[in-house]
Amino acid sequence: MYKSIRQWFSPAPAIPQKSETEIQTLYPKYRFRVLESTFIGYTVYYLTRNNFSPVSKEIGEALSYSKSEIGDILAVTAITYGIGKFFMGALSDRSNPKKFMAVGLFLTAILNFSFGFANHYWVHLFLWGANGLVQGMGWPPSGRSLGHWYSVGERGTTFAFWNIAHNIGGGLVGVVASHSAAKYGWQYAFFIPGFIALIEAYLVYKRLVDTPQSVGLPPIEVYRNDYPPEEKEDHEKELTTKQLIVEQVLLNKYIWLFAIINFFVYIIRYSLIDWGPTYLKETKGADILGGGYSTLILEFGGIGSTLLMGWVSDRLGGRRGMVSLLCIIPIFFAFVGIMVNPPGNIWIDYVLFGMIGLFIYPPVMLLGVAGMDFTSKKAVGTAAGFIGLFGSLGRTTQGKGLALLSTHYSWDVAIGAILVSTLIAIFLLIFSWNLRPRG
């Protein structure tokens with residue numbers, strides 16, 4: 001059975017190359033299909049991953065969960081997501097992305113339905129931890145697909161556009177979850193996204209394709225005459241598991257640097273995603289819908305800046321670290337503003353949430369692209385998974401840490417911890433200032 005499953009997931013084989021006329025006609029169409037399928041697919045992954053936080057306070061009140069227990073659910077999910085992203089990344093590098101991504105959407109839908117029907121803490125902890133694992137089946141196949149259909153010279157711009165899926169999915173989930181819970185009950189914050197994921201699983205399976213060679217087209221490097229440095233002769237060579245994990249990742253000092261930076265960037269990012277709605281409800285007088293809209297503002301704030309900074313990083317020869325550093329600095333002052341803004345001026349908090357979204361999402365995107373820049377395209381999923389693992393560890397740290405600090409001390413102390421993480425991220429990004437993929 002294992003052999004049959006492995007064969008079903010195996011990459012699609014290459015077929016004879018089509019004529020030059022067909023290549024010029026089909027390549028743009030397939031590139032659009034890959035971008036569209038992975039974009040919408042990953043948007044829906046967000047609907048079934050971040051739908052807990054907007055209604056966590058209401059779940060806690062309905063089921064008598066403490067803030068510490070809510071923090072445990074957030075923490076275990078972050079841990080399993082990080083583990084899943086790393087190991088699923090290694091698997092996705094040796095799998096057909098359309099099958100891999102579609103199965104992940106199907107599984108997360110089933111787990112969302114199960115979470116909505118359950119009403120026991122330990123069952124919820126297990127289900128949301130399992131959801132974290134299968135959520136790791138979203139980014140790696142997307143990165144593999146885009147790495148095969150878009151070359152290194154257009155990578156920053158392409159991934160900047162694709163990365164908006166984070167913002168759209170992350171923004172919509174706050175509205176969908178909070179409105180569903182307010183109208184029908186907290187369970188529907190999981191039922192409705194789960195139903196959407198089932199539909200999208202089918203669409204991804206029908207629309208997404210594997211490598212260009214699997215549909216009779218040449219590699220993207222040949223099509224665009226744009227080769228990664230020192231890889232012109234073997235850019236299509238498949239790598240062994242040892243090469244994927246050890247040589248391309250664990251012995252790669254650049255991947256380690258980006259991964260450690262990502263740890264602190266994710267503390268910054270998820271502090272407002274996981275706890276922002278609760279913080280506004282407890283300290284600034286927001287209601288359930290107001291908390292949901294804060295997530296929408298945070299996520300949508302990063303759309304324009306992500307596009308711009310991805311393009312800028314390409315124009316600067318791939319200096320992703322430099323652009324990321326310049327984006328992180330204003331975030332420090334935005335958190336200071338949130339801390340000192342008194343209750344009764346929630347619109348100021350919304351503005352500052354939007355400002356943080358404006359500047360946090362370019363680094364989130366660029367650190368992943370930087371990892372791709374310094375590894376083989378055949379190891380994209382593994383490298384992204386490793387960097388994402390550290391990000392998830394950062395989310396775990398803040399998920400549990402902010403719960404403890406806000407409960408035993410105050411929300412000001414919790415925000416102070418975020419400020420320290422921001423300063424550490426700024427310091428580490430200094431070491432990436434001159435790094436670029438072309439030397």
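The chain has 19 helices and zero strands. Those are DSSP runs, numbered from the N terminus: H or I over at least four residues for helices, E over at least two for strands.

Local features need pLDDT of at least 70, side-chain atom pairs count only at pLDDT 80 or more, and totals for chains, interfaces and linings use all residues. Residues are numbered from 1 along each chain as its sequence is written, and side-chain values use heavy atoms, with hydrogens and water left out.

Confidence next. pLDDT is the predictor's confidence in each residue, from 0 to 100. The chain averages 81, and 88% of its residues reach 70 or more. Helix α10, residues 188-207, has the highest confidence, at a mean of 95. Helix α12, residues 241-250, has the lowest, at 61. Where pLDDT is low, the predicted coordinates should not be read in detail.

Now the whole chain. Of its 439 residues, 62% count as buried. Buried means under 20% relative accessible area, exposed means over 50%, and partly exposed is in between, with a 1.4 Å probe and protein chains only. Contact means heavy atoms within 4.5 Å. Take the contacts with a separation of 6 or more: 87% of them join residues 24 or more positions apart.

On to one helix pair. How do α15 and α16 pack? Helix α15 covers residues 303-315 and helix α16 covers residues 320-340; their angle is about 140°, and their axes are 9 Å apart. Axes are lines fitted to C-alpha atoms, for helices over the stretch in contact, and angles run from 0 to 180 degrees between N-to-C directions. The two helices are therefore oblique to each other. The cut-offs: under 35 degrees is roughly parallel, over 145 roughly antiparallel, 65 to 115 roughly perpendicular, and the rest oblique.

Who meets whom? From α15, M309, V312, S313 and D314 meet R320, V323 and C327 of α16. By class, that contact has four nonpolar, one polar and two charged residues. Nonpolar is Ala, Val, Leu, Ile, Met, Phe, Trp, Tyr, Cys and Pro; charged is Asp, Glu, Lys and Arg; the others, Gly among them, are polar.

Last, two threonines. T80 sits in helix α4, residues 67-92. T80 is buried, at 13% relative accessible area. Beyond four places in sequence, T80 touches W128, G129, G132 and L133.

T158 belongs to helix α8, residues 155-162. Buried or exposed? T158 is buried, at 9% relative accessibility. Setting aside neighbours within four places in sequence, T158 contacts L35 and Y150.
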